[in-house]
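Here are a few notes from going through the model. Have a look at it first, then see the points below.

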Amino acid sequence: MNGSDEKKFEQFLRQFRFRAPGPLSIQRETVLSETANRKASSPVRVVIADDHPIFRDGLRRLLEAEPDLNVIGEANDGAEAVRLARQLKPDVLLLDLAMPRHPGLEALRDLSRGSQSNPVRVILLTAAAEKHQIVEALQLGARGVVLKDSATQLLLKSIHTVMTGEYWVGRESVGNLVQYLRTQMQSSKEDARRRTFGLTPRELEILSAVVAGYSNKEIAKHFEISEDTVKHHLSNIFDKLGVSTRLEVALFAVNHSLPLETLA
């Protein structure tokens, strides 16, 4: 996460701790009571949103084979998913993350701006998701994130888990959302440090110029710094990456997929 994302995350935590009960802070006891009453009277009502008709059909068949689940609607993009969620008021919305025109995160943003009465529990379905996408989805009100290659039983378990007021991410339930998000934020920072091998933003700029074939004189002119400063940065880069020549540092950057910039 960058500084802006971290600031937004801390603001989110403050809202989570102190605001009145809502989609992210609803009391577990209340949800358990509501779920028990619903089970006694009717199955869990589900809407599926995915742009692949074959996947939607297969998922609907799997869910309707369960006596306590009832698919009441299908959407082929995020905009239609939002409309059905507001119109049908399902218990659970299974929402594909990567849809054309109106992706899952955009649909979540739309739902988060709507009325908080009888909120739908959103579970994102995705083939793959970056950590920052998972954190953003949970911040926007998603109750779960499930990989599409998961076993059917995991998807069913995720639905029942969110219906009890807990969260589901990947292959397990999450009881403490705040702690989970803190862990993810710290993990993202560590991943970022590993990806850059401790290089500073300026050192990454210098490295990008080296990979692009710029000489020290050209780098100095481009960034409006002295050649001695360029040499100082290169010395630090060589030490951090364990290389000794410009060719070695260029090969290292490419082989390790360092986040290089395109120089104008």
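Predicted model: local features only at pLDDT ≥ 70, side-chain atom pairs only at ≥ 80, totals over all residues.

1. The salt bridge count comes to 14.

2. Start with the network: Arg56, Asp57, Arg60, Arg61, Glu64 and Glu74 are linked by salt bridges. One of the pairs is Glu64 with Arg60, whose closest N and O atoms are 3.6 Å apart. About one helical turn separates Glu64 and Arg60, because they sit four residues apart in helix α3 (residues 53-64). Glu64 is partly exposed at 39% relative accessibility, and Arg60 is partly exposed at 23%.

3. Helix α5 has Arg109 and Glu106 three residues apart, about one turn, and their side chains meet in a salt bridge of 2.6 Å, N to O. In helix α9 (residues 201-211), Glu205 and Arg202 have a spacing of three residues, again about one turn; their closest N and O atoms are 2.9 Å apart in a salt bridge.

4. Two phi values deserve a look. Most residues other than glycine have a negative phi. Lys89 has a positive one near 50°, in the loop between α4 (78-88) and β3 (92-96). Arg101 has a positive phi of about 70° and lies in the loop between β3 and α5 (104-112). Lys89 is partly exposed at 42% relative accessible area, while Arg101 is exposed at 65%.

5. Finally, Val211, Val254 and Leu260 make up a nonpolar surface patch, together showing about 210 Å² of accessible area. Val254 belongs to helix α12 (residues 246-255) and counts as exposed because its relative accessibility is 51%, the cut-off being over 50%.

Technical notes: Residues numbered from 1 in each chain as written. Heavy atoms only, no water. Patch = residues over 30% accessible without salt bridge, like charges linked within 9 Å, V, L, I, M, F, W, Y side chains within 5 Å. Areas by Shrake-Rupley, 256 points an atom, 1.4 Å probe, with all protein chains shown as cover. Salt bridge = Lys/Arg side-chain N within 4 Å of Asp/Glu carboxyl O. Helix = DSSP H or I, 4+ residues; strand = E, 2+ residues; numbered from the N terminus. Buried < 20%, exposed > 50% of the residue type's maximum accessible area, 1.4 Å probe, protein only.
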